[in-house]
Amino acid sequence: MTAPDLTQSLETPADRLAAIRRRLEMAARRGGRAPDAVALIAVSKTHPPEAVTALIDAGQRHFGENRVQEALVKFTPLKTAHPSLVLHLIGPLQTNKTREAVGLFDVIHSLDRPSLADALAKERARIGHLPRLLLQVNTGEEAQKSGVAPQDVAAFLSDVCAPRGLQVDGLMCIPPAEEAAGPHFALLAKLAARHGLPYLSMGMSADFELAAALGATHVRVGSALFGARPAAKDRANPSSSE
Ligand SMILES: *Cc1c(COP(=O)(O)O)cnc(C)c1O
């Protein structure tokens, strides 16, 4: 009698999704949180619409993309066909793409500079609403990474967002690849608590369970759900722009 081939069954997107969901729920419980406290964002960048559809069919609703153009092509038809999808922009936003981004995304995780705050305020004046906004925090203070430095979060909220009437609902971070993520997640949680911000976007394939235990409300999981992305240097560096 041969043993069942578990790797084979884990090949289907629905099984991979179920496995990640189980791990996420267990991690939330370990952190003393409700099992459904953490939204799973399936990061579908570089993957084709069919890969997204397979997860939609398995019940997945939150998706993340890091490039406006790629997301427009892929998700405009998908959002029409599935109005309950929630689309998250997790990559840097160029000001000249603000209008398209505001029209497509439900949540923008990458507010990071005054010029983008200006562009968003202008869009809101034009159309009367905006996606939910999260402030990206450069917790590792890396020169090549976008985000507001931790010590500048208070001033960004009070001097950049408030005067423009921009409501920020949370914080997002991408810890330095070569460091333990825990201290960065803890710092982000502390900053969010200090400013009364309910949303915490942190944790990726390698560390989403830790993030869930430390208070994440949104984890961004790509390769663990979709498999490896084509190796391209700029794909691996979320600070690159379009
Ligand atoms: C690509 C990306 C992710 C997902 O990364 P994985 O390691 O594949 O899970 C999460 N967050 C951001 C900002 C990304 O660009």
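Modeller: By class, the ligand's shell holds six nonpolar, three polar and three charged residues. That is a set of twelve residues around the ligand, and the closest are Lys45, Ser205, Gly222, Ser223 and Arg229. Keep in mind that this is a predicted model.

Take the polar atoms next. Lys45 places a polar side-chain atom 2.7 Å from an oxygen atom of the ligand. Arg220 also uses its side chain: a polar atom there lies 2.8 Å from a nitrogen atom of the ligand. Ser223 works through its backbone, where a polar atom is 2.8 Å from a ligand oxygen. On its own, the ligand would expose 390 Å². The protein buries 94% of that.

Thr46 sits in the loop between strand E1 (39-43) and helix H3 (49-57). Its backbone stands out: phi is positive, about 75 degrees, although Thr46 is not a glycine. Thr46 counts as partly exposed, because its relative accessibility is 21% and the buried class stops under 20%.

Now to another loop, the one between E5 and H7. Glu141 is found there. Glu141 too has a positive phi without being a glycine, in this case about 45 degrees. Glu141 is partly exposed, with a relative accessible area of 48%.

Glu142 belongs to the loop between E5 and H7 as well. At 12% relative accessibility, Glu142 is buried. So what does this charged residue meet in there? The side chains of Glu142 and Lys145 are joined by a polar contact of 2.8 Å. Setting aside residues up to four places away in sequence, Glu142 touches Ile174, Pro175, Pro176 and Glu178.

Lys145 lies between strand E5 (132-137) and helix H7 (153-161), in the loop. Lys145 is buried, since its relative accessible area is 12% and under 20% is the limit. Its side chain also reaches the backbone oxygen of Pro175, at 3.3 Å.

Follow the chain into H7. Which residues of H7 are buried? They are Val153, Phe156, Leu157, Val160 and Cys161. These cover an arc of only 110 degrees around the axis, so they lie on the same side of H7. Several elements cover them. Among these are strand E4 (107-111), helix H6 (114-127), E5, strand E6 (170-173) and helix H8 (182-194).

His195 is in the loop between H8 and strand E7 (199-201). Beyond residues up to four places away in sequence, His195 touches Val153, Ala154 and Leu157. Two of those names, Val153 and Leu157, are on the buried list of H7. His195 itself is partly exposed, as its relative accessibility is 27%. For a sense of distance, take His195 and Ser84. They are 111 residues apart along the chain, and their C-alpha atoms are separated by 30 Å.

H6, one of the elements covering H7, carries Lys122. Is Lys122 buried or exposed? Lys122 is exposed, because its relative accessible area is 66% and exposed means over 50%. Arg99 is 23 residues from Lys122 in sequence. In space the pair is 9.3 Å apart, C-alpha to C-alpha.

End with Ala216. Ala216 lies in the loop between helix H9 (208-213) and strand E8 (218-221). Its relative accessibility is 0%, so Ala216 counts as buried. What does Ala216 contact, leaving aside neighbours within four places in sequence? The list is Arg33, Ala37, Val38, Leu200, Met202 and Ala211. Gly203 is 13 residues from Ala216 along the chain, and the two C-alpha atoms are separated by 7.5 Å.

Ser223 brings a polar backbone atom, at 2.8 Å from a ligand oxygen.

Notes
Residues are numbered from 1 along each chain as its sequence is written. This is a predicted model: local features need pLDDT of at least 70, side-chain atom pairs count only at pLDDT 80 or more; totals for chains, interfaces and linings use all residues. Side-chain values use heavy atoms; hydrogens and water are left out. A residue is near a molecule or strand if one of its heavy atoms lies within 4 Å of it. A polar contact is a pair of N or O atoms within 3.5 Å; within protein, one must be able to donate a hydrogen and the other to accept it, and residues adjacent in sequence count only if both atoms are side-chain atoms. Accessible areas come from the Shrake-Rupley method with a 1.4 Å probe; for residues, only the protein chains shown count as cover. Ala, Val, Leu, Ile, Met, Phe, Trp, Tyr, Cys and Pro count as nonpolar, Asp, Glu, Lys and Arg as charged, and the others, Gly among them, as polar. Helices (H or I, at least four residues) and strands (E, at least two) are DSSP runs, numbered from the N terminus. Buried means under 20% relative accessible area, exposed over 50%, partly exposed in between (1.4 Å probe, protein chains only). The arc is that of the directions from the helix axis to the C-beta atoms. Contact means heavy atoms within 4.5 Å.
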